[in-house]
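Have the model open and follow along.

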Amino acid sequence: MNRTLHRMALATLLVSTATGASAQDKTLRLLTWGGYAPKEVVEQFTQETGIKVEVTLSNNEEMISKLRATAGAGFDLVQPSQDRIAGPQTEFKIYKAMDLKKIKSELFIPSMLEATKKNTTVAGKVYGLPHIWGTDGLVVNTKTSKATDYADLCTAENAGKVSMRLKRPTLIAMSFASGKDPFKLYNNPKAYTALMDDMGKKLAECKKNVKFYWDGKDQLLAGIRSGELTTAMMWDTGGWELNKANPDIKFVAPKSGALGWVDTFALPAKGKNDEAAYAWINFNMRPEVAAKVASAAGNFTASKGADQLADATLKKQFAESFPDAALKNIKWYPPVPAGIEEIEGRVLDRVKAAN
């Protein structure tokens, strides 16, 4: 009798375990940005693969925080920017290396794939693959502002009529506009601190020009639409969105260079469904799928050939904002070494407190 009960219990356990594993195999837990997993694309993926996608929206800071809190558990695929992989991985071990044999590399733009692999390599292993890319620059109402570079945010003609974020990209942008390359100083904390201190002083002096520091896009877009703002440092897709309704408003690649970012695919250290993650990556890099994602996100992707399927208006706006010289002058964010953001944070706190 005991043997019979033991066999029944064992059989129940095996069925339960198999069912749990099967359910896990059929779900992808995705931590990503808004617009990167549009409903149409998720539904198509589920229809083709049988894998459901649980989407959680986030940003760089929250992604790192969530993965640190769980030692890399809770999600199967995450999408941090490429500069947020090598540093956090070295310090916190929150990602797992990519198995490049499971990636259809022919679907990627070769140069972008190689650059991202290089920027996300730690101890000889690759931890990230490129997905969506874009830039920060200037959005200018050309009827009321002649701004062509970040420093113009602080000129007298724009006093009280500009907006920017009180975040690290603004410090970096002002550095480039001042003729300095902050990225070359990443591994020299003393020199980097001195540069950031100088940029902090510039931003403190510039406060009289700032109508408001923006955090959410709704306030920023409303300020530009109403004419309350003449110029703002912001992302390209926001500028292109505004341009559709008002041709006088344009996204401008600054003379000193737009700041370029790449959001990646990365595997959390304790993700449970790598196979679903690889399936999602390869699915998303198919040109026809990537074009749908690009339309939803408003940015271009690293998918080879997807740009040919992009919305005609977006392609035209991109060409106007980025002639060849401006495209070659994009300043791509490199990996952020440990300690850099602490230096920037102290400077930004002083700017915030300045009268």
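Start at Thr116, which is buried at a relative accessible area of 1% (buried means under 20% relative accessible area, with a 1.4 Å probe and protein chains only). This is a predicted model, where local features need pLDDT of at least 70, side-chain atom pairs count only at pLDDT 80 or more, and totals for chains, interfaces and linings use all residues. Residues are numbered from 1 along each chain as its sequence is written, and side-chain values use heavy atoms, leaving out hydrogens and water.

Thr116 sits in helix α5, residues 110-119 (helices are DSSP runs of H or I, at least four residues, and strands are runs of E, at least two, numbered from the N terminus). Its side chain reaches the backbone oxygen of Met112 at 3.0 Å. Leaving aside residues up to four places away in sequence, Thr116 touches Gln82, Gly128, Leu129, Pro130, Val262 and Thr264 (contact means heavy atoms within 4.5 Å).

Val262 and Thr264 take us to strand β12, where they lie on one covered face with Gly260. For its partners, look to β7 (residues 129-141), which pairs with β12 in the antiparallel sense over seven bridges (strands pair if DSSP finds at least two bridges between them). Here Trp133 stands opposite Val262. Strand β15, residues 331-332, runs parallel to β12 and is joined to it by two bridges, with Lys331 opposite Leu259.

Finally, Phe265 is among the residues that Trp280 touches, along with Leu28, Val53 and Leu77, again not counting residues up to four places away in sequence.

Note on methods:
Buried < 20%, exposed > 50% of the residue type's maximum accessible area, 1.4 Å probe, protein only. Polar contact = N/O pair within 3.5 Å; in protein donor to acceptor, adjacent residues only side chain to side chain.
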